Amino acid sequence: MPQIRAFLFKGLLLIGFSLLLGCQRAKDVDYLWQDYSQRLAHVIEQPYSPASFVPTQVTRPRVQEPPSPTISILETLSLGHCPLGRLIADHNSTLGKVAPDSQQLIYQIRFIQLAPACIDTLEEGELKTKLKQALEQKQANAMTYFHRVLTRDKSITRSLFIGYDSLVLDEMHAGRFELESAIGQLLTIKRHIKQRRWQQIDTTQIESTLALMAHQTLLQRYLRSLAYSRAQLTSLNDYLQAHGASVACRPGHANRKQEILQNVFHKYYLAQTQAYLSQLNQLHYRLSEPLIALFGDTGYQTFIEHYFGEQPGALPDQLKTQMRRHVEWWQAFRESCNIPPPKR
């Protein structure tokens, strides 16, 4: 019996330990800032209220509807010998008329790709002239159709919507390859349209690229992590500035309270929060240039530049300013107290 009880007791301990590990909160942006700020407030012994967080959300812009020349059913029958004729017939069907923006883009590009060869087979006349005009118009409006996909497709608007999920420390780059691949493929299509390299556009990749965007969450979690970190660090810096006198040292003299405070800085800011911000910066470095290029000249340009731009006032610049301000406060605190760095 004693052996059975001992065995059961050990089993219960293992189960309890497993449950404890399973209940530990993920070190996302909310956890890191709450943990760090609460520990500071506990040592400083002054109440701290974190900043309310209201991120700038993307709003869907209005997109112009480019004119679309129509080709009658009879004219389509005259193009039956061309792949272009079958393309137009499918587009003029009921499904073609209600096709989503991605399919509309695919139709425009395929028309541009197929039209020249078909036009060359026609005798001079009204139909040939109409096809030439349609080709020129679709070439001129191709970028508009592409921008419609960028600003209206649900897979992309969902990626830019800031919800409640954020990046988790030690898992910051999960999904990065898929996101970079999707952005790169869309950017390649945009460049081909801009350079009028129509035959190099692989329209079969458009839907799969959008599906890849739809299944990734890295971008929206990055946006929240960046905006939340800037808001919380600004609030915490204001708090430290307001209560600096309560933890100030007599020249060259530090007591136990100041030593504990610096330990909090090293253990919970440098080792965790700053490490998190450093990885945020790495993601910004990899994503900013292609995203700004992709969404340039669209209704989302201002939003993307606010979250990824390098100009003064953009969120990355604001966060860097607050990071410098935070470290400068701690440097001044440490110098006034003459506290040696804690042993690791």
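This is a predicted model: local features need pLDDT of at least 70, side-chain atom pairs count only at pLDDT 80 or more; totals for chains, interfaces and linings use all residues.
**Overall fold**

Let's start with the whole chain. Of the 344 residues, 45% count as buried. If you look at contacts between residues at least 6 apart in sequence, 83% of them join residues at least 24 apart.

**The nonpolar core**

The largest nonpolar core holds 93 residues, and Tyr-36, Leu-84, Phe-111 and Leu-160 have the most contacts inside it. Helix H12 (residues 256-295) gives the most to this core, contributing 13 residues. In soluble globular proteins, nonpolar side chains tend to be buried together.

Leaving out residues up to four places away in sequence, Leu-84 touches Phe-111, Leu-114, Ala-115, Cys-118 and Leu-131.

**The disulfide**

The count comes to 1 disulfide. Cys-82 and Cys-118 form it, with their sulfur atoms 2.4 Å apart. The torsion about their S-S bond is about 90 degrees, and therefore the disulfide is right-handed. Where do the two cysteines sit in the chain? Cys-82 lies in the loop between helix H3 (73-77) and helix H4 (83-91), while Cys-118 belongs to helix H6 (residues 101-119), so the pair ties together parts that are 36 residues apart in sequence. Both Cys-82 and Cys-118 are buried.

| Helix | Residue range | Residues in the contact |
|---|---|---|
| H11 | residues 218-242 | Leu-219, Tyr-222, Leu-223, Leu-226 and Ala-227 |
| H13 | residues 301-308 | Phe-303, Tyr-307 and Phe-308 |

How far apart are the axes of H11 and H13? They are 10 Å apart, and the helices pack at an angle of about 60 degrees. That makes H11 oblique to H13, because an angle has to lie within 65 to 115 degrees to count as roughly perpendicular and under 35 degrees to count as roughly parallel. The residues of this contact divide into 8 nonpolar, no polar and no charged. On the H11 side they include Tyr-222 and Leu-226, and on the H13 side they include Phe-303 and Tyr-307.

Key:
Residues are numbered from 1 along each chain as its sequence is written. Side-chain values use heavy atoms; hydrogens and water are left out. Axes are lines fitted to C-alpha atoms, for helices over the stretch in contact, and angles run from 0 to 180 degrees between N-to-C directions. Helices (H or I, at least four residues) and strands (E, at least two) are DSSP runs, numbered from the N terminus. Angles under 35 degrees count as roughly parallel, over 145 as roughly antiparallel, 65 to 115 as roughly perpendicular and the rest as oblique. Contact means heavy atoms within 4.5 Å. Ala, Val, Leu, Ile, Met, Phe, Trp, Tyr, Cys and Pro count as nonpolar, Asp, Glu, Lys and Arg as charged, and the others, Gly among them, as polar. A nonpolar core is a set of buried Ala, Val, Leu, Ile, Met, Phe, Trp, Tyr and Cys residues joined through side-chain atoms within 4.5 Å. Buried means under 20% relative accessible area, exposed over 50%, partly exposed in between (1.4 Å probe, protein chains only). A disulfide is a pair of cysteine sulfur atoms within 2.5 Å.
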